[in-house]
Amino acid sequence: MRKLALLLALPLALPAADLFKDDFSRYPPGWLSTPVGLLNAAIQEYHYLPHRGVPLAPWTNPIVHDDTWIVSDENGKSYIEQHAVNARPAEYNPLFITGDEEWFDTTVEVKLKPLSFDHFAGLVFRYRTNRHYYFFGLAQGKLARLAIRQPLDKQFRTMDWRELASAPFTYDVRRYYTLRVESKGPRIRAFIDGQLIFDTTDSEILKGKAGIAANAPARFTDFAVSAADPTVAQINARIAARERQLAELRAANPKPVLWKKFDTPGFGTGRDVRFGDLDGDGRIDMLFGQNIPRVRGDAFSHISCLTAVTLDGKVLWQSGRPDPRNGLLTNDMPFQIHDVDLDGRNEVVLVRDFQLQILDGATGKLRASTWMPRADPNLKERPYELNSGDSLAFLNLSGRKGATSDFPRASGRGHSAAGATEILVKDRYKYFWVFSNDLKLLWQGDGQTGHFPYPYDVDGDGRQEFMLGYSLWSSDGRQLWSHDKDLRDHADGIVMGNFSGDPNAQPMVYACGSDEGYLLFDREGRILKHLRIGHAQSPSIAKFRNDVPGLQLITVNFWRNPGIVSLFDYQGNLLKQSEPVPHATPLLPVNWTGAGIEYAMLSGNPREGGLLDGELRRVVMFPDDGHPDLAYNVLDLTGDSRDEIVLWDTKSVWIYTQDRPAPAKRVYAPVRNPDYNESNYRTNVSLPSWRE
């Protein structure tokens with residue numbers, strides 16, 4: 001106690017150097033971001049947008065889907081205002097953040113005018129992610145508050161705060177208050193208008209970015225961060241060391257070089273592309289889908305145009321009328337490329353105009369069709385008599401043997417895809433139907449379906465069971481177990497498998513359950529782990545780390561806490577967490593080097609994108625050469641087992657490969673989900689395999 005008293009009595013070193021200053025006059029007056037047309041803010045779940053209105057650098061809006069920040073002037077002086085009333089104040093709060101993760105022992109100051117007595121407004125310091133930071137500010141019209149947001153919630157959709165201090169403080173909405181926090185090591189001193197309010201210690205986070213936060217309307221101006229001269233020198237040295245390490249890692253990796261590019265005039269699209277051999281020449285082609293939203297933004301979209309193109313840009317066929325207005329989407333679309341009749345040539349299977357259709361892959365001509373089932377008359381939202389479909393996948397429920405296997409048993413028991421000719425079509429988010437490959441309805445089911453199924457042969461009989469939502473279904477339509485009724489948000493990504501590296505271990509089920517966070521089940525459905533890390537989605541499983549047994553699962557958050565990337569081991573232990581960009585991404589595994597370790601891709605943007613290693617460092621960056629970066633996919637196109645990266649927007653496609661050859665003797669050649677089960681929502685699995 002005597003040592004603590006002496007520590008609290010010591011004066012903090014006076015800040016002597018500015019790290020950052022801003023009065024927000026850099027921004028034009030008005031909203032800093034706006035919605036994108038008819039689409040909801042989910043556009044940034046699976047697409048990269050540098051901004052939605054105004055470039056924000058050197059700031060970021062971490063809650064990127066909320067258009068909460070505006071800039072204007074008051075008495076000739078600029079301010080930034082959080083202008084919105086947060087409809088979910090228990091779940092998150094708007095933030096505006098700047099700086100570097102190496103900032104430490106800083107003084108953070110801002111002038112704040114609260115415009116409401118509801119909730120809170122103030123400054124943020126030692127920021128790691130939008131779920132983990134310190135807050136000091138004014139609350140509820142009567143309090144000064146110092147607290148730390150915890151990265152894991154204890155309750156569903158409820159922020160977990162650890163309160164450090166609070167004190168009565170009555171404030172007005174007609175004037176500005178100067179808030180200041182001085183931190184040095186664990187010690188934190190907080191001031192309002194020069195008056196010391198709190199003097200305490202806490203060491204949970206000792207460094208990080210800084211910014212502002214408000215859960216009700218409030219104005220801010222004159223934001224500043226400073227530190228003592230020796231501290232600034234140390235911060236700069238740490239940043240320089242980090243950049244040197246990154247430069248070394250990037251130099252050791254192959255650089256992306258352009259392999260092919262072509263334009264997509266009029267028929268381009270967002271992340272609504274399928275890959276497969278359409279014309280039978282043994283080479284991969286691309287199928288571009290355009291859609292027209294109906295009823296509302298992302299529930300009843302209609303496929304309006306399909307365009308089949310070779311990787312040299314030659315149009316093979318087109319079905320429907322192209323229109324560049326119909327390129328973007330915020331949902332899945334029910335179409336795939338697959339040899340559904342096992343005759344050695346691919347077809348296109350889709351739901352369009354309330355019909356399940358099969359098109360000839362080479363020509364796009366209709367070969368067969370059947371009407372979709374009637375919509376349940378008891379549905380709350382039922383604009384049509386027939387179901388219009390949400391996503392489509394192929395399963396092997398009959399045990400049929402195929403000529404080839406995209407996901408062979410040798411790479412992991414249960415993942416066999418040979419003979420996957422049954423067609424599963426689902427709505428959003430209650431019903432699903434299973435059809436034979438001659439379009440006969442076999443059976444149907446219902447539940448909290450989530451977005452996309454994951455097939456897995458659990459018992460080794462050659463017929464696949466499948467996970468859909470939080471339920472395991474048998475090949476003949478029996479629900480084997482389910483948590484659909486006791487988990488309150490849908491499964492964004494689900495997967496089943498043995499990823500331990502021990503061939504005798506039992507498979508487990510991994511779910512990224514939206515606001516339920518991360519879940520791990522055993523094969524009988526018992527919940528082994530449940531971590532509320534935020535709105536978890538877009539999981540991928542691959543060998544991202546050599547120092548960790550088995551495979552690892554990587555996932556990213558979106559709604560109310562976007563951009564937080566979490567890496568788990570196969571047992572559900574959280575290994576690493578960071579917030580590289582304030583939006584989501586498919587996080588596809590990339591076999592870039594062929595050496596046995598994969599990377600996870602953020603986007604193709606030359607500044608905010610790149611490939612992450614297992615330490616969540618950007619170890620590969622794209623050249624700043626004008627390429628598109630709206631959407632991407634990853635697959636081996638040159639035949640050397642390593643991945644090419646396909647980047648596109650609504651106007652063009654650019655494909656990148658490595659600037660150096662693959663390893664000469666032994667190349668990593670992981671086995672992936674089959675291309676015929678593509679989805680914005682599937683769990684991407686990359687199973688270890690080598691090619692001699």
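The model is predicted. The largest nonpolar core has 47 residues, and a second, separate core has 31. The structure also holds 36 aromatic pairs.

- Strand 38 (residues 536–542) pairs with strand 51 (residues 684–687) in the parallel sense, over two bridges.
- In this part of the sheet, S540 stands opposite N684 of strand 51.
- Strand 39 (residues 552–557) pairs with strand 40 in the antiparallel sense, over five bridges.
- The bridge partner of I554 in strand 40 is L567.
- Strand 40 and strand 41 are also antiparallel, with four bridges between them.
- Here V565 stands opposite S578 of strand 41.

**A closer look at strand 40**

- A hairpin joins strand 40 and strand 41, with four residues between the strands.
- In that hairpin, G572 takes a positive phi near 90 degrees.

**Nonpolar cores**

- In soluble globular proteins, nonpolar side chains tend to be buried together.
- Which residues touch the most other members of the largest core? They are F96, F136, F220 and F223.
- Strand 16 (residues 218–227) gives this core its largest share, four residues.
- The second core includes L487, F521, L551 and F568.

**Aromatic pairs and a cluster**

- A pair of aromatic rings is described by the distance of the centres and the angle of the planes.
- F267 and F288 form an edge-to-face pair, 5.5 Å centre to centre, with 70 degrees between the planes.
- F267 lies in the loop between strand 17 (256–263) and strand 18 (273–276), and F288 lies in strand 19 (residues 285–292).
- The two residues are 21 apart, and the pair links distant parts of the chain.
- Both F267 and F288 are buried.
- Y470 and F521 form a tilted pair, 6.5 Å centre to centre, with 50 degrees between the planes.
- Y470 lies in the loop between strand 31 (465–468) and strand 32 (471–473), and F521 lies in strand 36 (residues 518–521), so this pair ties together parts that are 51 residues apart in sequence.
- Y470 and F521 are both buried.
- One aromatic cluster is formed by F20, F24, Y27, W59, W69, F96, F220 and F223.

**Charges over rings**

- The charged end of K260 sits over the ring of W259, 4.9 Å from the centre of that ring.
- R274 lies over the face of F335, at 4.2 Å from the ring centre.

Technical notes. Residues numbered from 1 in each chain as written. Predicted model: local features only at pLDDT ≥ 70, side-chain atom pairs only at ≥ 80, totals over all residues. Heavy atoms only, no water. Pairing = 2+ DSSP bridges. Core = buried A, V, L, I, M, F, W, Y, C linked by side-chain atoms within 4.5 Å. Buried < 20%, exposed > 50% of the residue type's maximum accessible area, 1.4 Å probe, protein only. Phe/Tyr/Trp six-rings, centres within 6.5 Å; stacked < 30°, edge-to-face > 60°. Lys NZ or Arg CZ within 6 Å of the ring centre and 35° of its normal.
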